[in-house]
Amino acid sequence: MAIYVVKSGDSVDSIAASAGVPVEKILWANQIEYPYRLAVGQAIYLPENGTAANGRTELYFFGYAYPFINLEVLADTLPFLTALYVFSYGFTMEGELISPRTDDTWLITAANEAGVRPVLVLTPLDAEGHFNNELVTAVVENSWVQERLIWNLGRTMQEKGYGGLDIDFEYVQAKDREGFAEFVSRIRQVMNLFGYPVSVALAPKTSADQAGLLYEGMDYGLLGEAADRVLLMTYEWGFAYGPPMAVAPINMVRRVVGYAVTEIPVEKISLGIPNYGYDWPLPYERGTTKAESISNLEAVKRAIDFGVEIRFDEIAQSPYYRYWQYGVQHEVWFEDVRSIKAKYDLIREYGLTGAGFWQLMNFFRPAWLLMEEMFRILR
């Protein structure tokens, strides 16, 4: 594959002529719109003129989507997916399901019609839409609540046409560590009887004894054994309320993968990949500054609009830049085809068998075309 980094004086026409790729193909592959402006430092994916590369491995690709996803974005994305994870169902202390606020029926239908497995995502969200780890405690400690929740899940999945279940329990308390894994194991035993695979999302740990509420309740070994598949949530190092930095720096992602493969069979592991970036106003003040979540395309557009060069951090393998607006300096970190390729290369290096994107609400064609060039999609 070829990736070109824009230099001063370049145009789409000059890049196309130099690469021997039709202008129209470059515009389409990189979602470059009229008047076809470029930013210095922008990474351009140059699509192949021939067939896809030899030696591709078949992988399980999926992504999370809210039921209010744009129809066109969904239609563009589905051909690249094995499964569509619908975010999200919550539950009550009594084991009753809380449906998404937007009806998910159409999304399930669209996935099934495209030959893509729709997967119900279960999170400990309460009626107000907040993560509540007391819900986790209720379901792992009370067998009646657990049975009720499993029964409600099975009924809903069958009635609505779901094809699998994903358990995304964050902030699991240390005291619920073993109970959570036992719950995943139990629900997998039941769901597998009806042909439903069960996956579980894991906070990005780098060691077994990693401190912190996000990590202490996650036992990689037990959960890897309990579930059919796991997702490493290898993103959000750079996050809305944190200091400016790469969302998924490859050096940190590598540390998580390196630990995970010591606890979990590689054939069960999917790598989490972010499909967004952040724009921070500066200076950053802890507890006050909040970054704006933006799409990768919007990040490039802002660099163009403000006439700044996109730089690339070689350690994090992530693009970034700074710009000024209304007397306020901003710092932007996002994903481009280079940073995505670094993550795909890591999948190959470790022999992982899948990738999961958080989230699919914006379509970033270069990532999918590169995926198609490097891997085959498991159906």
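Biologist: Why is V300 called buried?

Modeller: Its relative accessibility is 16%, and buried means under 20% relative accessible area, exposed over 50% and partly exposed in between (1.4 Å probe, protein chains only). So V300 falls under the cut-off and counts as buried. Keep in mind that this is a predicted model, where local features need pLDDT of at least 70, side-chain atom pairs count only at pLDDT 80 or more, and totals for chains, interfaces and linings use all residues. Residues are numbered from 1 along each chain as its sequence is written, and side-chain values use heavy atoms, with hydrogens and water left out.

Biologist: Where does V300 sit, and what does V300 touch?

Modeller: V300 is in helix 10, residues 296-305. Helices here are DSSP runs of H or I with at least four residues, strands are runs of E with at least two, and both are numbered from the N terminus. Not counting residues up to four places away in sequence, V300 touches Q42, I310 and F334; contact means heavy atoms within 4.5 Å. As for F239, V300 is 61 residues from it in sequence and 19 Å from it in space, C-alpha to C-alpha.

Biologist: N275 is in a loop. Is N275 buried or exposed, and how do you know?

Modeller: N275 comes out at 6% relative accessibility, so it counts as buried. The loop in question runs between strand 10 (269-274) and strand 11 (277-281).

Biologist: What does the side chain of N275 reach?

Modeller: The backbone oxygen of N362, at 2.7 Å. A polar contact is a pair of N or O atoms within 3.5 Å; within protein, one must be able to donate a hydrogen and the other to accept it, and residues adjacent in sequence count only if both atoms are side-chain atoms. Leaving aside neighbours within four places in sequence, N275 is also in contact with N296, W358, Q359, L360 and F364, as well as N362 itself.

Biologist: What makes helix 6 oblique to helix 7?

Modeller: The axes of helix 6 (residues 143-160) and helix 7 (residues 177-193) come within 11 Å and cross at roughly 40 degrees. That angle makes helix 6 oblique to helix 7: under 35 degrees counts as roughly parallel, over 145 as roughly antiparallel, 65 to 115 as roughly perpendicular, and the rest as oblique. The axes are lines fitted to C-alpha atoms, for helices over the stretch in contact, with angles from 0 to 180 degrees between N-to-C directions.

Biologist: Which residues of helix 6 and helix 7 meet?

Modeller: From helix 6, the list includes L149, I150, L153 and M157, and from helix 7 it includes F183, I187 and V190. By class, the residues of this contact are eight nonpolar, three polar and two charged (Ala, Val, Leu, Ile, Met, Phe, Trp, Tyr, Cys and Pro are nonpolar, Asp, Glu, Lys and Arg charged, and the others, Gly among them, polar).

Biologist: How do helix 9 and helix 11 run: roughly parallel or roughly perpendicular?

Modeller: Helix 9 and helix 11 (residues 337-350) have axes that come within 11 Å and cross at roughly 20 degrees. That makes helix 9 roughly parallel to helix 11. The residues that meet include V253, V257 and G258 of helix 9, and A342, L346 and Y350 of helix 11. Their contact has seven nonpolar, one polar and three charged residues.

Biologist: And G258, why is it called partly exposed?

Modeller: Its relative accessibility is 27%, so G258 counts as partly exposed. G258 lies in helix 9, residues 250-263.

Biologist: Why are helix 5 and helix 6 called roughly perpendicular?

Modeller: The axes of helix 5 (residues 133-141) and helix 6 cross at roughly 100 degrees and come within 5 Å. The two helices are therefore roughly perpendicular to each other. A138, V139, V140 and E141 of helix 5 make the contact with S143, V145, Q146 and L149 of helix 6.

Biologist: Which residues does a cis peptide bond join?

Modeller: One joins Y34 and P35, with omega about 10 degrees, and P35 lies in the loop between helix 2 (23-29) and strand 2 (43-46). Another joins L282 and P283, with omega about 0 degrees.

Biologist: What is the phi of Y171?

Modeller: Positive, about 60 degrees, although Y171 is not a glycine. Y171 sits in the loop between strand 7 (164-167) and helix 7, and at 35% relative accessibility it counts as partly exposed.
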